[in-house]
Amino acid sequence: MYKYNDFDSAFLAERNRQFRAQVERRIDGALTEDEFKPLRLMNGLYLQLHAYMLRVAIPYGTLNPDQMRALALLAQKWDKGYGHFTTRQNIQYNWPKLKDVPDMLDALAEVNLHAIQTSGNTIRNVTADHFAGAAADEIEDPRPIAELIRQWSTDHPEFQFMGRKFKIAVSGAANDRAVLKAHDLAVKIVRNDAGEIGYQVLVGGGLGRTPMIGKVLNDYVAADDLLPYIESVISVWNQLGRRDNKYKARIKITVHELGLDKIRELTEDRFAQVRPTFGGADQALFEDIKRHFAAPAFREGGTEAYDAAYEADPVFRAWADTNLAAHKAPGHAIATISIKKHGATPGDATAEQMREMADIAEAYAYGELRISHEQNVILPHVHKNDLPAIHARLKAADLATANIGLISDIIACPGMDYCALATARSIPVAQEIATRFEDLKLEHDVGHLQIKISGCINACGHHHVGHIGILGLDRAGVENYQITLGGDATETAAIGTRTGPGFAYDEIVPAIERIITAYLELRESEEETFLQTYRRVGMEPFKVALYPAAEKKVA
Amino acid sequence: MPRAFTPKVVTANDLLEGDVIYLTPAGGWTRELSEAELITDEAEAQLRLLDAQSQPKIAVGAYLADAKAGEQGPEPTHFREEFRRTGPSNYRHGKQEAAANV
């Protein structure tokens with residue numbers, strides 16, 4: 001895991017000192033809110049519906065136990081005892097006081113964490129596959145590249161005041177767990193015919209008001225060309241991207257309006273200028289960064305304790321069946337800790353839970369933790385024989401929900417319970433759907449199904465790429481929820497299709513239930529997932545189930 | 001034809017705490033919507049908003065929010081303002097927490 005060098009620490013200390021002075025000047029009246037707002041946003045501080053909100057970056061979703069404990073400390077000392085893991089590998093604190101924020105940032109700096117560029121029209125926190133460095137299907141750990149991009153983009157003078165924000169994701173695996181195609185720019189580690197490692201660069205993906213699937217801009221960028229290539233792409237967009245209309249400012253619109261070929265041509269021209277300015281310092285730094293991400297020395301040995309518990313304990317077995325994923329090392333597994341207990345707020349963990357997860361990671365998981373964009377916490381390296389003990393401790397901490405990838409493992413944005421931009425609530429909808437299907441005891445029968453909920457058109461809840469997407473809107477002063485079906489957040493990414501008219505707040509859970517009932521009747525076998533069924537039968541049967549009265553009228 | 005003016009309150013977030021505040025008839029600030037001034041005249045509303053915006057050391061992002069007269073004072077007409085005066089629905093935090101501690 002990356003550890004700050006003297007430069008990093010000095011940079012962050014200076015930045016925090018500057019922000020502390022800016023906060024003081026705002027409080028004593030020397031800065032107006034108009035002057036202060038861009039400064040606080042650059043440091044992750046929003047003003048939301050009920051309070052300030054501090055968004056802390058968890059670069060590429062990786063944490064060590066001390067960092068997790070620092071997140072717990074912030075929750076306990078300066079907030080209301082919990083934190084909210086977001087859909088972009090950040091954590092948000094919903095109740096900080098303005099004068100406390102500089103102290104919070106200093107506490108974060110002690111463990112190499114910050115809130116820089118978690119807001120504003122800059123390059124945002126670089127996200128990564130949450131199984132990075134552990135997944136069995138990985139070509140190479142993408143986190144060194146992510147860290148290189150983080151360092152290069154932090155305070156990059158050309159990219160501090162862009163037309164709009166810019167989001168980058170990286171992955172090194174065949175299966176896309178990082179929603180690469182929904183990012184402004186994505187880097188996928190690939191091998192060429194000669195077996196050399198390079199990078200496929202995708203561009204122009206994004207959700208929000210105008211959802212677009214990212215396209216391949218370059219199939220293979222050589223390792224030492226990557227940073228200048230990314231700089232060229234962003235530089236081209238930063239000059240050409242529209243600043244007259246914020247809804248048309250993202251690179252997806254620039255790509256759409258100019259065409260991929262034109263963007264590629266302009267990027268190549270720009271690259272010819274930019275490339276010579278990279279004298280190799282970036283590659284020296286990259287080599288240094290790579291050393292920090294060396295895999296731990298995985299222990300050897302059989303899995304008898306795991307096998308015995310799996311046979312004997314049905315609760316453990318259910319958890320193992322849903323919450324474990326294949327690890328690259330023999331005898332090991334990737335364990336996902338669900339932050340989606342039925343009826344709880346998706347992504348919210350208490351300070352006590354964070355500390356317990358940190359302790360478990362230290363005791364059993366080679367001191368590593370990951371945060372997923374799906375708002376769960378991951379122990380990326382666990383020897384299977386330790387899983388029964390881990391599960392027992394998770395149970396005691398109310399963290400052993402066995403629902404990863406199931407209907408209650410819902411992504412939800414904060415919605416109108418917190419967010420100043422929201423047009424409807426999303427958290428209570430997620431809570432009620434999870435509780436309803438828990439009561440029906442249907443969730444394991446339904447199998448793999450991703451529901452994603454956004455409380456406004458900006459789509460922080462990724463509703464467009466949910467198998468079932470829910471979008472909360474304000475229709476004439478009343479909350480109204482539109483449903484989309486058939487979205488896909490993986491390497492076969494797709495934008496969901498709207499079913500038709502939306503549903504009132506008290507109608508949305510029954511509507512989802514009708515969709516699920518229809519799926520259970522339509523599927524050819526228990527193995528056919530919701531998405532497979534939808535792709536086979538199309539929208540019509542689901543529409544009939546959703547809008548029975550309307551269908552009769554037409555008939 | 002311009003839309004008829006509907007009654008308003010002046011609301012903002014407190015600079016230091018970040019919580020929701022409302023302008024009172026006396027020109028001060030309150031945490032309770034019920035204690036806010038309900039303004040029924042459009043010109044008066046604009047003047048009161050300017051007054052709020054001239055207090056940057058107290059109020060951030062002041063605006064006019066629709067409200068209606070209720071038995072206990074002004075009440076929200078839109079669900080967004082209902083959440084702002086109450087707090088989030090997933091925890092009893094925000095103003096409902098303060099109310100519970102009284």
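The expected span of a helix is 1.5 Å times one less than its number of residues. Keep that rule in hand for the first stop. The model is predicted, with ipTM 0.96 and pTM 0.96.

**Stop 1: helix 12 of chain A.** Select residues 351-364 of chain A. These 14 residues should span 20 Å, and the end C-alpha atoms are 20 Å apart, so expectation and model agree. Now colour the buried positions of helix 12: Ala351(A), Gln353(A), Met354(A), Arg355(A), Glu356(A), Met357(A), Ala358(A), Ile360(A) and Ala361(A). Then step just past the helix to Tyr366(A), which takes a positive phi of about 55°.

**Stop 2: Leu449(A).** Go to the loop between helix 15 (443-446) and strand 17 (451-454) of chain A; Leu449(A) sits there. Is Leu449(A) buried or exposed? Leu449(A) has 22 C-beta neighbours inside 10 Å. The cut-off for buried is 20 or more, so Leu449(A) counts as buried. Next, show its contacts. Leaving aside neighbours within four places in sequence, Leu449(A) touches Leu406(A), Ile407(A), His467(A) and Phe530(A). Pick out Ile407(A): it lies 42 residues from Leu449(A) along the chain, yet their C-alpha atoms are separated by 5.2 Å.

**Stop 3: where the chains meet.** Display both chains. Here 24 residues of chain A are in contact with 22 residues of chain B. On the chain A side, select helix 14 (residues 427-440), which gives the largest share, three residues. That side of chain A divides into eleven nonpolar, six polar and seven charged residues.

**Last stop: confidence in chain B.** Colour chain B by pLDDT. The average is 94, and 96% of the residues score at least 70.

Methods
Residues are numbered from 1 along each chain as its sequence is written. Chains are lettered from A and ligands numbered from 1 in the order in which they are written. This is a predicted model: local features need pLDDT of at least 70, side-chain atom pairs count only at pLDDT 80 or more; totals for chains, interfaces and linings use all residues. Two residues are in contact if their C-beta atoms, placed from the backbone, lie within 7 Å. Helices (H or I, at least four residues) and strands (E, at least two) are DSSP runs, numbered from the N terminus. Ala, Val, Leu, Ile, Met, Phe, Trp, Tyr, Cys and Pro count as nonpolar, Asp, Glu, Lys and Arg as charged, and the others, Gly among them, as polar. A residue is buried if 20 or more other C-beta atoms lie within 10 Å of its own, exposed if 12 or fewer, and partly exposed in between; C-beta atoms are placed from the backbone. pLDDT is the predictor's confidence in each residue, from 0 to 100.
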